[in-house]
Amino acid sequence: VPGHSLSHRERCVQFPVSPYPTGSAAYSSRSLCISPADISYPSNLSAGRQLSPPTIHLYPPPAEQLNCKDSNLTLTCLANGFYPGHVRARWTMDGEEVGRHLVTEAVPQEEEEEGGKAQGTGGSYSWSSYLTMSAKDWHAHSRFSCQLEHESSGEPLVAVVDRESCPLS
């Protein structure tokens, strides 16, 4: 860039500002130069805000489903109170990971303050996931878990349902 000295890390890009072809007498361009010092790179998604771990709950299938021998059964995993709003989930049955085709997952949603107003950019998040299986699969396994990864914790948070502890199963 004429009249400008570049540091070894600075990057410049030239871009056209006229409709004339490159090389023509009427062609003109401008340069944009930027150095790493000009850019702020957050170390994580929650820069400026304290991390909040999720509270996680796993609920067994409702009694109505357990009473029907031929119906599908659904376990519900709920997490709330976490920040930032990204989580990664994994379901297991007797320690074996469940196929994604059995799982329905919602996008984390920003929780609302009392009175129904959104908290804005600093709010906590909630999330839900559902594991749906046949009654046969429910009776073939005894332990179901929802494992949640969040940047506030180095280890997954785990919630468990044991089939034997559920009434009517």
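Visitor: Why is Phe 82 called buried?

Guide: Buried means under 20% relative accessible area, exposed over 50%, and partly exposed in between, with a 1.4 Å probe and protein chains only. Phe 82 has 0% relative accessibility, so Phe 82 counts as buried. This is a predicted model, where local features need pLDDT of at least 70, side-chain atom pairs count only at pLDDT 80 or more, and totals for chains, interfaces and linings use all residues. Residues are numbered from 1 along each chain as its sequence is written, and side-chain values use heavy atoms, with hydrogens and water left out.

Visitor: What does Phe 82 touch?

Guide: Contact means heavy atoms within 4.5 Å. Not counting residues up to four places away in sequence, Phe 82 touches several residues, among them Pro 53, Val 87, Trp 127 and His 150.

Visitor: Where is the place of Phe 82?

Guide: Phe 82 sits in strand β4. Strands are DSSP runs of E, at least two residues; helices are runs of H or I, at least four residues; both are numbered from the N terminus. The protein chain has 2 helices and 11 strands.

Visitor: How do you know that β3 and β4 pair?

Guide: Two strands pair if DSSP finds at least two bridges between them. Here 5 bridges join β3 (residues 55-59) to β4 (residues 72-82), and the two run antiparallel. Tyr 59 stands opposite Thr 76 in β4.

Visitor: Which side chains of β3 are buried?

Guide: Ile 56 and Leu 58 are buried and point to one face.

Visitor: What makes Cys 77 and Cys 146 a disulfide?

Guide: A disulfide is a pair of cysteine sulfur atoms within 2.5 Å. The sulfur atoms of Cys 77 and Cys 146 are 2.1 Å apart, and the two form a disulfide. The structure holds 1 disulfide. Cys 77 lies in β4 and Cys 146 in β10 (residues 143-149), so the pair ties together parts that are 69 residues apart in sequence.

Visitor: Why is this disulfide of Cys 77 and Cys 146 called left-handed?

Guide: The torsion about its S-S bond is about -80°, so the disulfide is left-handed. Both Cys 77 and Cys 146 are buried.

Visitor: Are Cys 68 and Cys 166 buried or partly exposed?

Guide: Cys 68 has a relative accessible area of 41%, so Cys 68 is partly exposed. Cys 166 has 8%, so Cys 166 is buried.

Visitor: What makes a nonpolar core?

Guide: A nonpolar core is a set of buried Ala, Val, Leu, Ile, Met, Phe, Trp, Tyr and Cys residues joined through side-chain atoms within 4.5 Å. The largest one here has 27 residues. Leu 58 and Trp 91 are among the residues that touch the most other members. The largest share of this core, 5 residues, comes from β4. In soluble globular proteins, nonpolar side chains tend to be buried together.

Visitor: How many bridges join β5 to β10?

Guide: 6 bridges join them, and the strands run antiparallel. Arg 88 stands opposite Glu 149 in β10.
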